[in-house]
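Let's take a friendly walk through a protein structure, one part at a time. Keep the 3D view open and follow along as you read.

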Amino acid sequence: FSENLQCQALPEKVKIVEVGPRDGLQNEKTIVPTETKIHLIDMLSVSGLPVIEATSFVSPKWVPQMADQVEVMKGICRQPGVSYPVLTPNLKGFQAAVKAGASEVAIFGAASELFSKKNINCSVDESLQRFDEVMKAAKEAGVPVRGYVSCVLGCPYEGKVAPEKVAHVAKSLYSMGCYEISLGDTIGVGTPGSMSEMLEAVSREVPVNALAVHCHDTYGQALANILVALQMGISVVDSSVAGLGGCPYAQGASGNVATEDVVYMLHGLGIQTGVDLSKLMDAGAFICRSLNRKTNSKVSQATCKL
Amino acid sequence: MSHQRTSTITGHEYPEFVKIVEVGPRDGLQNEKEIVPTGVKIQLIDMLSGTGLHVIEATSFVSSKWVPQMADHTEVLRGIQRAPHVQYPVLTPNLQGFQDAVAAGATEVAVFGSASETFSKKNINCSIDESMLRFEEVINTAKEQQIPVRGYVSCALGCPHEGHIEPSKVAEVAKKLYEMGCYEISLGDTIGVGTPGSMFKMLQCVMKEVPADALAVHCHDTYGQALPNILTALQMGVCVVDSAVAGLGGCPYAQGSSGNVSTEDVLYMLHGMGIETGVNLAKVVEAGDFICNALCRKTNSKVAKARGRTL
């Protein structure tokens, strides 16, 4: 650990998990052509990012944006040393993913019962049972699985979410065999106060080096929350190029934190990411042009205009 | 004024109370292209006066040649309804400005130095040392009239012309202002390039010369770093934060980019950490809505944006 902040060790390296092509595009209104998605992922692949979430094997009925999942998986130019996880909500999705060439998958649980019911139509326990099937198949196939927990700092329906509930779901996913658990502030309501309280509870059940944070910037709190997480030993951060992906629960508001802004902060702290910020910004500029929208990244906005 | 410390978050102590210095009506509006009518400025300040804010920077007694937005400084100061227990500091770049400010009813003033020689020359047409002489006049006169003076140091984490700024230079300028008699020194990340790394190094240096409870941070959000930078400052013992309602004020050095951090977003973070400010967030959001409507622009505050549209 390198000591950059007084009395507090920060990780020397942070792994960035780029979720723009999946989480980001999934929450954009415009349906993006397959070639554009492929080109985006290819640009991200050469920016130094170690993990790029490529697509999602959910039914296109639910998520039309990800209907071209197979073509995307087959079309991208995989960079050696880079992982391309895909979402797999159930066994069927897992099988389709592996068939399309996936070598890592992710499953999505919630810390809120209401959110689970409204989002994936079943209770938290039922969803964990569903994932059990996926975990077994993945183990047999030697495919690593990442677990997501959503609503860790608040739920659009339930409001406050107990840290113990988050810890319970995280522990279940970890015990089932997920190698990493990404804790998501789905509606971006968290602050350094609630973030540290939640991480304290979760890190009692799951080792901190198996944890990641997935912060939304809906209330502008993402970078402050990420900083606190780093100070507590977290060294994996999810983010989205250009801050792609709005918030479906606060119309017009922002969603994912921008990868450019995270990388800027980490590099300013002397933390290594392996990412080339200018190549990352190029990828962001490309996708924003394609979507005909402005970037959500402040670093990109500032850099273009100096 | 020292504050009790409380260990609220794992491994870090934070102040129990943070004083917010609202700079929207001055720093914010000064950097907005639209000239705002005097009546609107007064109404904005009056709305802010009802939110619980303790300090509202009202206007600036610089020559209207340089800053046309602040040409109505006297009418503004005379027109506002001063709330009890609220301070309304005004900028005074020199003795002339100070005298005009006092004649208009000012009871607190601020002087604006820089940690960058080039910025000082380009911004106020003189070297740092020359500016200190000018400020000394203001501070001495203010002392005679028992008017408190706040000192600003700009370019504390980087300069648009010089690039990197040595923390020791920031400390030197801060120390000078403090020793001359400024009761508080606000350290400004003028172009928003700072990160928790550079904020920490700069504060470490400055705190060797000026006590933590006489320091404030004035962070710009041009690179999205303001809130983590403020968090870092709080962890180091700073308990005064400058911000602007609705994140008013762009960055003159990165056209189209944001400038001041939004008061609403700062409050949201502080309250979420259990830190008291005395400020009513909902009322600040209202004041922000008002000025954004008047300026025909969208808010820069993410909290205001999210609150306006939640299902």
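## Strands side by side

Two strands pair if DSSP finds at least two bridges between them. Keep that in mind as you look at this model, which is predicted. In chain B, β7(B) and β8(B) run parallel and are joined by six bridges. One place to look is B:Gly113, which stands opposite B:Val153 in β8(B). On to another partner of this strand: β8(B) is joined by four bridges to strand β9 (residues 184–189) of chain B, and these two also run parallel. Here B:Gly151 stands opposite B:Ile185 in β9(B).

Is β8(B) enclosed or open to the outside? Six of its six residues are buried, so β8(B) is largely enclosed by the rest of the structure. Its residues point two ways: B:Val149, B:Gly151 and B:Val153 face one way, while B:Arg150, B:Tyr152 and B:Ser154 face the other, and all of them are buried.

## The sheet in chain A

Now turn to chain A. Nine strands form an open sheet there, with parallel pairing, in the order β4-β3-β11-β10-β9-β8-β7-β6-β5. Which strands sit at the edges? They are β4 (51–52) and β5 (55–56) of chain A, each of which pairs on one side only.

Within chain A, strand β6 (residues 86–87) and strand β7 (residues 105–110) run parallel and are joined by two bridges. A:Val86 has A:Val105 in β7(A) as its bridge partner. Strand β11 (residues 236–239) of chain A contains A:Ser239. At 1% relative accessibility, A:Ser239 counts as buried. Leaving out residues up to four places away in sequence, A:Ser239 touches several residues, including A:Ile16, A:Gly20, A:Val257 and A:Thr259.

## Rings that meet

Next, look for aromatic rings. Over all chains, the structure holds five aromatic pairs. One of them is formed by A:Tyr219 and B:Tyr268, which are stacked at 4.8 Å centre to centre, with 20 degrees between the planes. Why does this pair join two chains? A:Tyr219 lies in the loop between β10 (211–215) and α9 (222–231) of chain A, and B:Tyr268 lies in helix α10 (residues 263–272) of chain B, so the pair links one chain to the other. Both A:Tyr219 and B:Tyr268 are buried.

Another pair is made by B:Phe112 and B:Tyr152: the ring centres are 4.6 Å apart and the planes are at 20 degrees, so this pair is stacked. B:Phe112 belongs to strand β7 (residues 109–114) of chain B and B:Tyr152 to strand β8 (residues 149–154) of chain B, so the pair ties together parts that are 40 residues apart in sequence. B:Phe112 is partly exposed, at 26% relative accessibility, whereas B:Tyr152 is buried, with a relative accessible area of 2%.

Charged side chains meet rings here too. The charged end of B:Arg150 sits over the ring of B:Tyr152, 5.2 Å from the ring centre. In chain A, A:Arg146 lies over the face of A:Tyr148, at 5.2 Å from the ring centre.

## Inside the cores

The largest nonpolar core has 202 residues. Among those with the most contacts inside it are A:Val149, A:Leu183, B:Leu187 and B:Ile230. Beyond its neighbours within four places in sequence, B:Ile230 is in contact with B:Val217, B:Cys219, B:Val241, B:Val261, B:Val266 and B:Met269. A second, separate core of nine residues includes B:Val55, B:Ala110, B:Tyr152 and B:Ala216.

## Chain B as a whole

Chain B has twelve helices and eleven strands. Its radius of gyration is 18 Å, close to the 19 Å that the globule rule gives for 311 residues, so chain B is as compact as a globular protein of that length. Along its principal axes, the C-alpha trace of chain B spans about 55 × 45 × 40 Å. Of the 311 residues in chain B, 60% count as buried.

Finally, find two loop residues with positive phi that are not glycine. B:Gln146 has a phi near 55 degrees and is found in the loop between α6 (128–144) and β8 of chain B. B:Ala246 has a phi of about 60 degrees and is found in the loop between β11 (240–243) and α10 of chain B. Which is buried and which is exposed? B:Gln146 is exposed, with a relative accessible area of 72%, whereas B:Ala246 is buried, at 0%.

Note on methods. Residues are numbered from 1 along each chain as its sequence is written. Chains are lettered from A and ligands numbered from 1 in the order in which they are written. This is a predicted model: local features need pLDDT of at least 70, side-chain atom pairs count only at pLDDT 80 or more; totals for chains, interfaces and linings use all residues. Side-chain values use heavy atoms; hydrogens and water are left out. Rings of Phe, Tyr and Trp (its six-membered ring) pair if their centres lie within 6.5 Å; planes under 30 degrees apart count as stacked, over 60 as edge-to-face and the rest as tilted. Buried means under 20% relative accessible area, exposed over 50%, partly exposed in between (1.4 Å probe, protein chains only). A charge sits over a ring if NZ of Lys or CZ of Arg is within 6 Å of the ring centre and within 35 degrees of the ring normal. A nonpolar core is a set of buried Ala, Val, Leu, Ile, Met, Phe, Trp, Tyr and Cys residues joined through side-chain atoms within 4.5 Å. Contact means heavy atoms within 4.5 Å. The radius of gyration is taken over C-alpha atoms; the globule rule is 2.2 Å times the number of residues to the power 0.38.
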